[in-house]
Amino acid sequence: MLKSRKVLYIILSVLLIFTLIMGGCSSTKSGSNSSSSNAPSETAKKVKLDFVWFTDGVEGKVMKEIIADYQKEHPNVEINLIEVPYDDLEAKLKTMITGGKPPALARVTNPGAFASAALELTPYLGDKDTFMSQFLDGLKYYCIVDNRLIAAPMEVTANGLIYNKTLFDKAGVKVPQSPDEVWTWDEFAAAIKKVMKDGGAKYGVVWDFTPHRWTTLLYEFGGSIFNQDATDTNINKPEAIEALNYFKKLVDEDVVAKAVWLGGENPNNLFRSGTAAAHLSGSWMIANYRDTIKNFEWGVTYLPKAKIRSSVLGAKFVMAFKNSGVEKEAGEFIKYLASKEIDDKYVRESLFLSPRKNPDVTYDFGTEMFKVFSNELAVSPPAASYDWSRQDIIPKFTSDLKAAVVEVLQGKKTAKEALDHVAELAREAIKEAQQNK
Amino acid sequence: MGKSYRLYKIERKIIPYLFLTPNLLIFGIFVIIPALYGVIYSFTNFDGLSKMDFIGLKNYINILHDHLFWQSFLRTTIYAIVVVPLIYIGALGTALLLTQKIAFRGIFRAIIYWPTMVSFIVVGLIWKWIFGDSFGVLNYLIELMGYKPIPWLSNGFNANMTVVIASLWSRIGFYMVIFIAALESIPATYYEAAEIDGASSVQRFFKITLPLLKPTSLLIIILSLIDAFKAFPLILALTGGGPGRDTTYVVQHIYEFAFTKTKMGYASAMSIILFFVIAILTWLQFKAARGGEIS
Amino acid sequence: MKYRKNLKKLLVYLLLIIISGLFLIPVLWIVLSSLKTPTDLYKWPPSLFPKEITFVNFETAFKKGNFGVYFYNTTVVTILSTIITLIINTMAGYALAKYKFYGSNLILIGFLSTLMIPLEIIMIPIFIVIRTLGLYNSLWGIIIPPAATPTGVFLIRQYLLGVPDELLEAARIDGASEWRLFWNIIVPIAKPVISVLAIFSFMWRWNDFLWPLIVISDPQKYTIQLAISNFIGEFNVDWPSLIAMSVISMIPVLIVFLIFQKQLVKGIVTSGLKE
């Protein structure tokens, strides 16, 4: 009995060692393969471009089609789409870059955070100012860092208001049809209350639980996070305090649902359930709601206005990295992606807003909705795009800003106390960023 | 005996190291060496990308003044004090039930073990579905019965309770399995002897079972303590650390600095402190339990 | 007497049914949710059971990636890594339990405390080590490094503390070598705890996310968890697909548990050992 077991163990161990050795060989083999493919290319040799990517909706599929087309035209190029979850994108990229094996390309929301490792793109995209002049003005802050062109915009996003049309109709509440009819926030609050009372909405507005979406209100009240060149913060200026107090009032009156900002519930899921009157979110939800909402009608309308109207610009970019060994091919691929023809195809099929000035994209779905979002962006103040482009400073205190807003909502602090604290942290971050320059 | 006694003694000295070598080697190369890098980071202002200047003890000094760190540390400690005994009792209790001769024992074991294999993002979704303030099943039922809904997640205290419940649910099965193995290894003769002596089942538990479980108890207390201090993915998925920072535990605080705020050096320093806290706690328990040897 | 015994039995069953109900309902919800239509999933008021059973989530999820390949990769990785873990952890646990030597407690405490350093913090140096050893983008990079689990070593050690030294001494007097001692006496005795470790290791490796995230960049070498996590975007989580794939990926772990838990019974070898 013992003997046969022993034989079994010996066989197992031998097998294990054998597989280990085999694996060792095969892995070194594949290792040498990939390194040879990374070597400077002659046209005959195949070049492999690692492209780190994350997917929200269908854009991954669209990008794969674009890649397939590109590979047909450029048989020597193979593009390897490495998909990672968005939450781990930054960690993965930093690990690859600092670990000495940067990918050729990446899709990012914050090119500034990787500026030191970024490949200068002017050799491929041309003069940086000419290149950027075709895109929305706010985008140049993201793409030109320290006078270097480091990224090309692929799509933009705008914060905005999505509403449950079925519930609004039931309550007999009409939404503004044109920019001239835009609600004030008080009118909007009254409308939401009516939808809750007469339309049977269980919640008012589910407002995305992010500092980015919160600042929509900040800009509308005339506030901003930084001054013009981010040498100081405005986050505790009277406008900001007023905005935060108004936000608290909206939450206290249940116009803005507590479930999201205090209960941590997922606003997308709440809105999808058909029980929320509206969702303060942005243009990125269109594609998703088209596919996941079947049991009620929804639409997009204009954000209410305070002192001014405002949305917040967001964007996604492609960038290339130094020391990938395939910089030239990466730069050329970015040139391809950033061309009007390809980018238009990309945004049309993914249901995204085009990053270009005066876009002429027609969508299969929701063209009218995109027009509303585009209009929101057009009326937004420059700060609403500049603030969030400062990715060297802003991430250092946004989580504190978020916590500060919640503390005010909970009644633990006054708006002034909370924002004074954030301002302190912001100034620290500004100082740090200046020292790094 | 063919071997000389001296040779035998030398062999006895080397042998344990040989047995340890494969594990030590792999762990050393892939975890300890990188962890040593982490120690180096903790003395720099590393941002995870390019910047890395030596700044001496500045990170550690800053941590002393970082009251958010200590707040989250305290919160984690309280959480651990609550959750570790509950896990211990829950795991031991279910293990005692499931080492008896009953039908469908394997199925029952599997049901209790099942939650441990659910990924944390799904665990978060599940418990939000149950405890969600407005969207949750519990509040729905409470409202149906005509009571006022309870703010499970928007009240700081309740949110912490919810986290504890979710942790128990997702961890008890894991420790139960260990207890089952340990309980089954207690020779039946012990119990038979005690039964003949007329000991009640309670007496048998305290006189035989518990003392013989000492090594396992130490194992489970230490592992669940480390677990509790590392609690983060589940909480992130369930409460996101909120409301406000009410369920932000220490590892989440570290993550926030490492990734959102790109202060890798500072985050490393906090991890090193955590390492020492756990090392000391583990060492103390080893001392107290004499390594869990059955006396 | 008999009546009391039956009553006790009844109580035990009642208790078990209540407890397992509490443990089961949440997982049941996930399993049933995978069978709901996406709209049904977000429905209010909430319900446990799907309005109509559909497999559409599984279909869409499978279309979104090469899941056959991911399952194959994960299976290979999990099985090989678990075998390594069982061998090296048992050896190390035995050394720490049954030999008195310099630094044994220190090694164990060091092992365990290192669990406290979040791997994410040291991802970059891990990546550098992996690359230097040529394990980047190789499945071996997620088989070997995570195999040396401190938890496993500790688990084995604590179990083996219960094995009387006299047993080993007796075998030594009979002239058994230390290696033979390990294979012929320790391993059979430790069979239950090795089964526990097998259960755990299988689950750890099957559900591992971080090591694959660090090591693997080639979609052909993705593991199942890596693929599932890609359903998480910046603004949206593809819940229907994520739930569907999560449910499928639990099945093998559950089966392995059911097989190995059978080893957790009173063994012939162990009873009568501790005299």
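1. Basis. This is a predicted model, in which local features need pLDDT of at least 70 and side-chain atom pairs count only at pLDDT 80 or more, while totals for chains, interfaces and linings use all residues. Residues are numbered from 1 along each chain as its sequence is written, and chains are lettered from A and ligands numbered from 1 in the order in which they are written.

2. Chain B. The secondary structure of chain B consists of 13 helices and zero strands; helices (H or I, at least four residues) and strands (E, at least two) are DSSP runs, numbered from the N terminus. The C-alpha trace of chain B spans about 65 × 65 × 30 Å along its principal axes. Of its 295 residues, 49% are buried, a residue being buried if 20 or more other C-beta atoms lie within 10 Å of its own, exposed if 12 or fewer, and partly exposed in between, with C-beta atoms placed from the backbone. Among contacts in chain B with a separation of 6 or more, 68% are between residues 24 or more positions apart. Here two residues are in contact if their C-beta atoms, placed from the backbone, lie within 7 Å.

3. Chain C. Chain C has 14 helices and zero strands. Its C-alpha atoms fill a box of roughly 70 × 70 × 30 Å, taken along the principal axes. Buried residues account for 53% of the 275 residues in chain C. For contacts in chain C between residues at least 6 apart in sequence, 78% join residues at least 24 apart.

4. Contact of chain C with chain B. This contact involves 75 residues of chain C and 81 residues of chain B. On the side of chain C, the elements supplying at least two residues each include α1 (2-33), α5 (104-114), α11 (191-206) and α14 (239-260). The largest share, 12 residues, comes from α1(C). By class, this side of chain C has 55 nonpolar, 15 polar and five charged residues. Ala, Val, Leu, Ile, Met, Phe, Trp, Tyr, Cys and Pro count as nonpolar, Asp, Glu, Lys and Arg as charged, and the others, Gly among them, as polar.

5. A helix pair between B and C. Helix α1 (residues 5-41) of chain B and helix α4 (residues 67-98) of chain C have axes that come within 8 Å and cross at roughly 135 degrees. Axes are lines fitted to C-alpha atoms, for helices over the stretch in contact, and angles run from 0 to 180 degrees between N-to-C directions. α1(B) and α4(C) are therefore oblique to each other; angles under 35 degrees count as roughly parallel, over 145 as roughly antiparallel, 65 to 115 as roughly perpendicular and the rest as oblique. Residues of α1(B) in this contact include B:P16, B:F19 and B:I26, and those of α4(C) include C:I88, C:M91 and C:A95. The contact of the two helices has 10 nonpolar, two polar and no charged residues.

6. Contact of chain B with chain A. Here 22 residues of chain B are in contact with 25 residues of chain A. Helix α12 (residues 250-260) gives the most to the side of chain B, with three residues. That side has five nonpolar, 11 polar and six charged residues.

7. Domains of chain A. Chain A is divided into domain 1 (47-156 + 314-371) and domain 2 (158-313 + 382-436), with bounds from an automatic or database domain assignment. Their C-alpha centres lie 28 Å apart. In the contact between them, 20 residues of domain 1 meet 17 residues of domain 2.
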